[in-house]
Amino acid sequence: MPAVSKGDGMRGLAVFISDIRNCKSKEAEIKRINKELANIRSKFKGDKALDGYSKKKYVCKLLFIFLLGHDIDFGHMEAVNLLSSNKYTEKQIGYLFISVLVNSNSELIRLINNAIKNDLSSRNPTFMCLALHCIANVGSREMAEAFAGEIPRILVAGDTMDSVKQSAALCLLRLYRTSPDLVLMGEWTSRVVHLLNDQHMGVVTAAISLITCLSQKNPEEFKTCVSLAVSRLSRIVSSASTDLQDYTYYFVPAPWLSCKLLRLLQCYPPPEDGAVKGRLVECLETILNKAQEPPKSKKVQHSNAKNAILFEAIALIIHYDSEPNLLVRACNQLGQFLQHRETNLRYLALESMCTLASSEFSHEAVKTHIETVINALKTERDVSVRQRAADLLYAMCDRSNAKQIVAEMLSYLETADYSIREEMVLKVAILAEKYAVDYSWYVDTILNLIRIAGDYVSEEVWYRVIQIVINRDDVQGYAAKTVFEALQAPACHENMVKVGGYILGEFGNLIAGDPRSSPLVQFNLLHSKFHLCSVPTRALLLSAYIKFINLFPETKPTIQEVLRCDSQIRNSDVELQQRAVEYLKLSSIASTDVLATVLEEMPPFPERESSILAKLKKKKGPGAVSGNELEEGKREGGELNGAGERPGDSSAIGASNAVRLHIPTHSLNYDIIYPPPPLFQSTPSPSADLLGLRSAAPVSAAPPSAGSLLVDVFSEAGPAAPAAGANDDGFLRFVCKNNGVLFENQLLQIGVKSEYRQNLGRMYLFYGNKTSVQFVNFTTTLKPVDPLVEGGAQVQQVINIECLTVFSDAPLLNIKFRYGGALQNLTLKLPVAINKFFQPTEMSSHDFFQRWKQLSQPQQEAQKIFKANHAMDTEVLKAKLLGLGTALLEKVDPNPDNFVCAGVIQTKAQQVGCLLRLEPNAQAQVHTHFPVRALGLESRPLGVSSVTTLSLCVSVVHHSFICNKCL
Amino acid sequence: MKNGVCSRQGKLRLQKWYTATAERDKKKMVRELMQVVLARKPKMCSFLEWRDLKIVYKRYASLYFCCAVEEQDNELITLEVIHRFVELLDKYFGSVCELDIIFNFEKAYFILDEFLMGGEIQDTSKKGVLKAIEQADLLQEEDESPRSVLEEMGLA
């Protein structure tokens, strides 16, 4: 092969690059770049028309400058001119510049599209490939609109060159990913599938990526690909490697294609056709057999390529989860890798075994490797490998090995990398709960967790231990004794004080008989920690004290004295002061009977999903923890919460009484929450809330990433982040979810998290300064905030929301600030819609239709027919309807395609029952009916009652609060 | 979907994004990723979890080659994607070194484009990929042979 001239003769460019490399300082470099930019600008602006070569050279220099990290604001036009050059290299540089530097909303896009159109129809394969690359690189919606129709034609046309087919397939894939609605495969489907049979391996390799993506979205239409893929795979796997010439990679035949074929098959269940299935099983066996053969080369590339196929085959075996023989063989193979000298293989084996552990066929086989995995956790030098080992231990844990695994994880926690501690803590807490046979072990484990890694024990974890202790009377005495002992330590973690305060407040009487833990000793022990604790913990302790007064009347004078002292009763913190004043008053005026009623032992918590499991799911994303894990655990581990043993306690009592101390005197007109409830739950699961505050709250339809989005709105801005500047869009996104990014432009990002219960809501607004310059005079119409927002900083605002009556217009939020002297003024809709105040209501089919008929007057019904904006995926629609806040009633409508929902809108003035029915018409992609029927809605004017509490009562009525933008 | 990024001891030499990403985020991600990868010690494994992606990286002399791939992508084959790309560079430049990539960055981009498109492999055959590039070089020679000779002399 001729060594073609590597520099393409652009000497000026080479000189410029050398100059830059010779610059001694950043300043010198900037100076040199500015000089060059001035030169190029004058050349572009000059009277003399530049020839193609010079244009190419300057455009290339600009590209280089851009890639160094400097902004380029000119030269685009010259690059576009290069596109229409007949010289390949000029065209190529033009396209490169466009691909790297032109963003999708550039006004040049029309010109660029024109040039692309010309090249696509040029029938010159190299030009066509350049054009296709450019489309794939930019991949914008405009490009999809212009070319999505043309590219499938090029892809399947008989006279298209192989290289163009390859580019066309991947170009189409890119457009399908950005704008699936514009890429209509209909008539091409079968011809695209048959590309799997193409003679040219490169074409198959490119086409299979497209087919896999299309199959994931439309499995039914593409299912013929299964048998084609199996026969292609079988030909490769059983081939002598020489057959494939250049597609053999380090003695492995077509590794990329093999992996992709195996990946494609993972979009489908096992083949139904016996012959196809037989052939596939044979392939998988061959792949497993080959892993045992001696390597054909010592090169790492050989083993990587071979093992890449092996891991993909194992992934398919796990996906099918139906061939016990293959599953066990896979497990044995992975077991060998666990001790391999290649770190990469150990890592992948641990990862892959995690999924094997959840299959009933291979769970036991995985468990045999426990010692190796524990050893990996202790000895691996790479934290990411240790992390995998911890994951695997978690996955392989069951009743038989729980104690060993929990003990190992606890001891690992003492030295664990900080980055994984919180997750480890959650995992230990979950395993301890799931497999607890005796509860003293559970309590010991959790208290150990707090001792070892107190900082990483989140609220969910210590809430959970309290929940369980309250629900299990057989462990209460032990728990009281153990926390009492734990609190003896001179320095104990604040979380320990919280658990201790709560448990002694409830069950201190169970150990009070022992003089070493008499009531006064208990009180003095708790109070010795008081001054070192934060406000929420002190608040909790104060509540524990009042409980002590009820449990042990003899402590009353001591405790009253504590409450009476200035540091309590005049505390600058309003919550503490209030508790001190009220508890003091309560203890002095209430009779013993009243006191005993008010301060009665907490009723058991209603049974629901473990809050920590929900938290782990949130951390790991969906799929990481199987949804029925806890149920499984309970099946095996016995009723942990004991709810089943106390049938007499209705969950309604649990939900309301469990969290509150009811103050019977009229002068005290609010409830004290004890212990402090989680301020905010962002998990997608409503039942995650330990304290039952939102026991009936709607399932949020927020994407699973929303949870983490909230923790750090800036780094995690996922696909949910709305387009810049379109608040209407941003607003609509919030109809069915509560958390996300409300608004974003160059300067500012506003994140929102919110929660609603009945007619009340609380919203957190996060204003993030995206620039490096501070904002001054920052004000919002809601309530005062710090007027200075530093570059990169975030300020937070909390508002309370009360829905006074039915409304339709969202309240507006006005934000003003100065950025570099310029006044910025923004008005946004706050994402509060009437549906936030929905309370879901379950009802039978009979009830539903009876009520539906009753609501037949015209002013009680609103109906709207609209075109679906997205594909009408049943699951997505369900999620959205749930996100709306109503209950989705299954098996109520005789037509299974329809969705019916019911809910009650809670406002301060009234409660309005709403029934809703969605009748999708899939053929026309139209939701034919969206009738909403509601009772007694009426109009009221808008009023904002105070600065901090935003109360809503806007006008109107049976107005469709949901529209085609949302569905 | 992959973001092939290639960097050297803290200097970014080549980057390619296959998902639409704002410039500002790109810079932030590159900075973050470089920190993570450069801190890795030699014997550590070539994969790590980062944000919701998996990073696959490998060091060749002074250069680190990194790919960010999605959860379900195959790590080992990605590692070989990197290797094949390096082989392509090597074949084209004739024992490639960092300077080749600096001075002929546009060629490096062309090779990458011929090899990967939209984050997926276009062709795994070395010949297939290089044929396209070399064809282009020949076309260029024809286009510019008089000037090339002059420039070549200027260089000498």
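User: Why are H27(A) and H29(A) called roughly parallel to each other?

Analyst: Helix H27 (residues 494–507) and helix H29 (residues 535–551), both of chain A, pack at an angle of about 20° with their axes 8 Å apart. The axes are lines fitted to C-alpha atoms, for helices over the stretch in contact, and angles run from 0 to 180 degrees between N-to-C directions. An angle under 35 degrees counts as roughly parallel, over 145 as roughly antiparallel, 65 to 115 as roughly perpendicular, and the rest as oblique. The pair H27(A) and H29(A) is therefore roughly parallel.

User: What kind of model is this, and how are its parts numbered?

Analyst: This is a predicted model, in which local features need pLDDT of at least 70 and side-chain atom pairs count only at pLDDT 80 or more, while totals for chains, interfaces and linings use all residues. Residues are numbered from 1 along each chain as its sequence is written, chains are lettered from A and ligands numbered from 1 in the order in which they are written, and side-chain values use heavy atoms, without hydrogens and water.

User: In which sense does H27(A) cross H29(A), and which residues make the contact?

Analyst: On H27(A) the contact (heavy atoms within 4.5 Å) includes A:Val497, A:Gly501 and A:Leu504, and on H29(A) it includes A:Leu540, A:Ala544 and A:Phe548. By class, the contact residues are eight nonpolar, three polar and four charged. Gly is counted among the polar residues here.

User: How do you know whether A:Asp321 is buried, exposed or partly exposed?

Analyst: A:Asp321 lies in the loop between H16 and H17 of chain A. Its relative accessibility is 31%. Buried means under 20% relative accessible area, exposed over 50%, and partly exposed in between (1.4 Å probe, protein chains only). A:Asp321 therefore counts as partly exposed. A:Asp321 also has a positive phi of about 50° although it is not a glycine.

User: How is A:Ala254 classed, buried or exposed?

Analyst: With 4% relative accessibility, A:Ala254 counts as buried. A:Ala254 sits in the loop between strand E2 (252–253) and helix H14 (255–265) of chain A. Its phi is positive, about 40°, although A:Ala254 is not a glycine.

User: Why are H23(A) and H24(A) called roughly antiparallel?

Analyst: The axes of helix H23 (residues 418–434) and helix H24 (residues 439–453) of chain A come within 9 Å and cross at roughly 170°. That angle is in the roughly antiparallel range, so H23(A) and H24(A) take that name. Their contact has nine nonpolar, one polar and one charged residues.

User: What makes strand E5 (residues 63–69) of chain B largely enclosed?

Analyst: Seven of the seven residues of E5(B) are buried, so the rest of the structure largely encloses this strand. Both faces are covered, with B:Phe65 among the buried residues on one side and B:Tyr64 among those on the other. E5(B) pairs with strand E4 (residues 53–60) of chain B in the antiparallel sense over seven bridges. E4(B) and E5(B) form a hairpin with two residues between them.

User: How do you know that B:Asp52 is exposed?

Analyst: B:Asp52 has a relative accessible area of 62%, so it is exposed. B:Asp52 is in the loop between strand E3 (47–50) and E4 of chain B. By contrast, buried residues make up 60% of the 156 residues in chain B.

Key
Helices (H or I, at least four residues) and strands (E, at least two) are DSSP runs, numbered from the N terminus. Two strands pair if DSSP finds at least two bridges between them.
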